[in-house]
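This briefing is meant for a reader who is meeting the structure for the first time. It takes up selected backbone positions, then the nonpolar cores, and then a pocket.

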Amino acid sequence: GSRAYCGFQEIILFNSLINNLKNIEEVIIFSGVNDLFMSRYIKNYDKILGPMFYTNEFNKNMSRGSNWKKKLKNIFSDFSFKKNNINEDNLKDLNQNIFEIVKRNLFCWFNIKHGMKIKLSFFLQPMANWCRREWSIEEKSIFKELDKISVKTNEIFKLIDLEVYNEYKIFLSKLCKELNIDFFDCNEFLSNNEYDNKWLFVDRIHLTNLGNKIITDFIRSKL
């Protein structure tokens with residue numbers, strides 16, 4: 001297993017390690033939240049590559065690089081490096097844009113699936129705001145403190161609400177079915193009275209040891 005930030009970066013990392021992946025039969029993608037989050041966190045991102053971690057560093061280094069790098073950037077600026085100015089107030093267009101990028105990513109995984117002749121499963125990772133359960137005392141306290149110190153992050157989480165989640169889930173479910181990729185939603189699994197008042201999240205995305213164990217057991221039960 002490995003971590004890899006956003007969806008397209010996960011694909012890049014997987015292909016970078018492909019020579020070390022011998023005789024594998026199944027790949028599990030545990031992902032989904034970062035693409036939505038970063039599409040709102042980065043106001044200007046490449047409309048083809050999509051929002052990725054370290055986008056600003058990449059653009060900065062390409063801009064101040066050697067002459068051949070600058071020329072290359074200018075040549076491809078119309079379709080590779082052109083910034084996409086997204087109005088965050090227009091959530092419909094914003095969702096449509098990132099959904100198209102996620103669709104591209106899943107088609108890449110579809111090609112990998114058939115090329116390597118493996119089974120592929122996509123697990124939509126859980127987010128505290130998406131799980132319909134009672135938060136624990138610890139979670140409530142942590143979220144309250146995070147809201148005070150992470151204003152921009154908190155505003156983004158408010159944008160990624162249950163309405164966006166439901167639309168995203170339906171989109172992913174239909175696309176995975178079309179591509180014959182098994183789809184599972186960890187948020188739906190945790191939306192159970194059994195997990196009320198249990199400390200599962202250390203913030204709105206990352207899990208506690210207990211949360212990781214519960215999700216690990218859930219993933220194992222679906223393999």
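K117 sits in the loop between helix 5 and strand 4, and in this predicted model its phi is positive, about 55°, although K117 is not a glycine. K117 counts as exposed, because its relative accessibility is 71%.

**A further positive phi**
- N197, which is placed in the loop between helix 9 (186-190) and helix 10 (209-221), has a phi near 65°, a positive value in a residue other than glycine.
- With a relative accessible area of 53%, N197 is exposed, since exposed means over 50%.

**Nonpolar cores**
- The largest nonpolar core has 40 residues, and those with the most contacts inside it are L106, F122, W130, Y168 and L172.
- Among the elements that give two or more residues to this core are helix 5 (91-116), strand 4 (119-124), helix 7 (151-159) and helix 8 (162-178).
- Apart from its neighbours within four places in sequence, W130 is in contact with residues including V33, L36, L124, I160, L162, Y165 and Y168, and also with Q125, D161, N187 and S191.
- A second, separate core of 15 residues includes F123, F184, Y195 and I215.

**The second largest pocket**
- The second largest pocket holds about 230 Å³ of space, and among the 13 residues that line it, M38, Y41, I42, T55 and N56 lie nearest its centre.
- Helix 2 (33-41) and helix 3 (55-63) are the elements that give two or more residues to the lining of this pocket.
- By class, the lining of the second largest pocket is made up of seven nonpolar, three polar and three charged residues.

Technical notes
Residues are numbered from 1 along each chain as its sequence is written. This is a predicted model: local features need pLDDT of at least 70, side-chain atom pairs count only at pLDDT 80 or more; totals for chains, interfaces and linings use all residues. Side-chain values use heavy atoms; hydrogens and water are left out. On a 1 Å grid over the protein atoms alone, a cavity is a set of points where a 1.4 Å probe fits but cannot get out, and a pocket is an open set with protein on both sides within 12 Å along at least five of seven lines; lining residues have an atom within 4 Å of a point. Grid points are joined across faces, edges and corners, and a volume is the space filled by probe spheres set on the points. Helices (H or I, at least four residues) and strands (E, at least two) are DSSP runs, numbered from the N terminus. Ala, Val, Leu, Ile, Met, Phe, Trp, Tyr, Cys and Pro count as nonpolar, Asp, Glu, Lys and Arg as charged, and the others, Gly among them, as polar. A nonpolar core is a set of buried Ala, Val, Leu, Ile, Met, Phe, Trp, Tyr and Cys residues joined through side-chain atoms within 4.5 Å. Buried means under 20% relative accessible area, exposed over 50%, partly exposed in between (1.4 Å probe, protein chains only). Contact means heavy atoms within 4.5 Å.
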